[in-house]
Amino acid sequence: MKEVPAIWTVRRPRTLAQVPESMSFHFLTGAEQCPRSTALRHGNYPDLWNKNGYPRKPHLAALSGQIVHLVVRKIALELASGGCASLQEAKAVQILKNLGGYTKLIVQSTDAVLNNLVGNPRMESVREHISSRLRARVAQIREQVQVFVARLRWQKKTIAVPLLDTPVMASSNVPGNTRKPLGFGTHFEVELRDEQLGWKGIADLLSISEDDCAITDFKTGERSERHEFQVRIYALLWARDNELNPSGRRATRLVLSYSQGEHDIACLDDVREENALAADLRTRTAAVRQALQSPEPKANVSEENCRTCEVRHLCNEYWGAIGPKPVDRPERGAPVRTAQLFSERRDQWLAKTVSNTASKQALFDDIEVILQQRRTDITWEAECWASTILQPGSRTLVRMPTIAASFAEQFQAGDRIRFTDALVAVPEQGGLPLVQAIASTELLLWNNAGSNSFST
Ligand code: SF4
């Protein structure tokens with residue numbers, strides 16, 4: 001009989017997340033939003049794989065964004081080294097042709113992004129699904145790439161020329177690479193650092209001329225205030241990067257480039273503004289370091305935080321919040337209340353399904369069940385323990401994903417299983433609801449029911 005693979009079981013990190021030596025925008029804002037999430041995502045799981053952190057969940061939108069970035073970068077570099085100042089120049093068409101055209105570049109970049117996920121155990125069960133969905137997005141990705149590329153303007157000199165006569169040689173995280181002052185020109189994916197502050201970040205595009213210095217970040221998602229904060233941090237890091245920018249030039253233009261249009265962000269105009277932002281980052285960095293020193297970093301349970309949390313299947317506080325309150329712990333089958341926090345979501349769902357009887361009455365939900373009786377190889381009758389839709393304590397049918405069939409025979413009555421993003425269908429004519437795993441559903445066996453502790 002096949003063992004249940006480690007990735008299908010609830011794990012706690014063997015060691016807790018270490019705060020990186022150099023803080024970054026994504027680490028800071030993630031840890032501020034929920035320290036527990038950062039602790040779980042950046043902890044170590046040597047029995048799952050040999051990389052750091054919990055394996056990332058492959059998201060179509062995020063992967064599409066990576067492909068867009070790769071293609072834009074490739075085209076931009078080729079056009080720049082071909083001496084084009086913009087896509088409008090005649091020779092740009094020939095350069096694009098030589099590259100094989102947009103579609104070929106997108107297919108190549110899609111392969112590169114998928115190859116990058118080889119070895120990610122969270123990818124194994126969805127590889128085909130993700131791969132075919134990504135390939136079906138070529139037209140959409142092409143459209144985004146064309147929009148971004150059409151907006152690009154290159155400075156005449158694109159090869160880095162030191163701004164100072166004496167080049168600064170410095171270590172870099174790329175072996176064999178050196179960090180030197182950036183010259184006039186257009187530079188892509190530049191790692192900026194302020195060693196004193198202990199921060200770093202990667203700016204998508206840095207365009208330097210005699211009079212101007214612009215930082216542009218490409219965004220494939222919706223506009224957000226977070227992005228403004230991010231690009232202002234890049235402006236600070238650029239101004240204080242003694243290696244790339246020893247003369248301390250300030251960015252004169254900050255741009256967020258979305259598919260829908262470009263947005264100019266207010267620059268840091270003087271030292272006073274820079275110092276204020278640096279002080280803010282220092283305070284916030286210290287708070288995050290302290291929060292992550294706790295053996296049980298705080299779990300900020302909220303619908304907004306948890307809905308998109310990649311590690312919510314590991315977070316006992318989250319499941320506690322959508323499960324019955326201890327005082328409400330029901331006799332089997334008795335009605336109970338879910339936690340107040342999520343009851344609104346449940347009420348909305350109920351209102352919707354009641355008012356629309358023609359609907360299939362199906363919705364995605366996260367559900368924890370206790371298996372009771374096997375019906376078929378992959379179908380069980382179970383007791384619902386936590387859900388935002390089904391009453392905890394009520395009975396339901398659960399259908400495991402086909403991919404789990406090889407080890408689902410290991411499951412026994414009494415096993416607790418967590419499903420995230422499962423499809424829940426409630427029959428209109430009565431009968432048991434059906435919890436069904438689909439391609440995006442993750443299923444985890446959790447038999448450590450007595451322990452609600454974060455640490456191992
Ligand atoms: S599920 Fe919610 S509370 Fe738990 S780690 Fe994720 S964001 Fe934090």
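Reader: Let's start with Asp421: in which strand does it lie?

Author: Asp421 lies in strand E9, residues 416-425. Helices (H or I, at least four residues) and strands (E, at least two) are DSSP runs, numbered from the N terminus. Residues are numbered from 1 along each chain as its sequence is written. Keep in mind that this is a predicted model: local features need pLDDT of at least 70, side-chain atom pairs count only at pLDDT 80 or more, and totals for chains, interfaces and linings use all residues.

Reader: What is the phi of Asp421 near?

Author: Near 55°, a positive value in a residue other than glycine. Glu189 is another such case, with phi near 45°, and Glu189 sits in strand E1.

Reader: How do I read burial, and is Glu189 buried or exposed?

Author: You count other C-beta atoms, placed from the backbone, within 10 Å of the residue's own: 20 or more is buried, 12 or fewer is exposed, and in between is partly exposed. Glu189 has 12 other C-beta atoms within 10 Å, so Glu189 is exposed. Asp421 has 16 C-beta neighbours inside 10 Å and therefore counts as partly exposed. Across the chain, buried residues make up 32% of the 456 residues.

Reader: How many helices and strands does the chain have?

Author: The secondary structure comes to 13 helices and 11 strands.

Reader: And strand pairing: in which sense do E1 and E2 pair?

Author: The general idea is that two strands pair if DSSP finds at least two bridges between them. Here E1 (residues 185-194) and E2 pair in the antiparallel sense over 9 bridges. Thr186 stands opposite Ser207 in E2. E1 and E2 form a hairpin with 4 residues between them, and Gly198 in the turn has a positive phi of about 80°.

Reader: What joins E2 to E3?

Author: E2 and E3 (residues 213-219) run antiparallel and are joined by 4 bridges. Leu205 has Thr216 in E3 as its bridge partner. E2 and E3 also form a hairpin, with 4 residues between them. As for E2 itself, residues 199-208, the strand is mostly covered: 9 of its 10 residues are buried.

Reader: On to cores. Which residues touch the most other members of the largest nonpolar core?

Author: A nonpolar core is a set of buried Ala, Val, Leu, Ile, Met, Phe, Trp, Tyr and Cys residues joined through C-beta atoms within 7 Å. The largest one has 73 residues, and Ile215, Tyr234, Ala235, Trp238, Ile367 and Val369 touch the most other members. Helix H8 (residues 225-239) gives the most to this core, with 8 residues.

Reader: Why does this core lie between domain 1 and domain 2?

Author: Domain bounds come from an automatic or database domain assignment. Domain 1 (185-291) and domain 2 (303-445) both give residues to this core, so the core lies between them. There is also a second, separate core of 21 residues, which includes Val72, Ile75, Ala76 and Ala80.

Reader: What does Ile367 touch?

Author: Two residues are in contact if their C-beta atoms, placed from the backbone, lie within 7 Å. Leaving out residues up to four places away in sequence, Ile367 touches Cys384, Ala386, Ser387, Leu390, Phe419, Ala422, Val424 and Val435. For the whole chain, residues 24 or more positions apart account for 67% of the contacts with a separation of 6 or more.

Reader: Now the ligand. Which residues come nearest?

Author: A residue is near a molecule or strand if its C-beta atom, placed from the backbone, lies within 6 Å of it. Of the 15 residues around the ligand, Cys34, Cys306, Cys309, Arg312 and Cys315 come nearest. Helices H2 (35-42), H10 (303-307) and H11 (316-322) each supply at least two residues of the shell, and H2 gives the most, with 3 residues.

Reader: How many residues of the shell fall in each class?

Author: Ala, Val, Leu, Ile, Met, Phe, Trp, Tyr, Cys and Pro count as nonpolar, Asp, Glu, Lys and Arg as charged, and the others, Gly among them, as polar. The shell around the ligand has 9 nonpolar, 3 polar and 3 charged residues.
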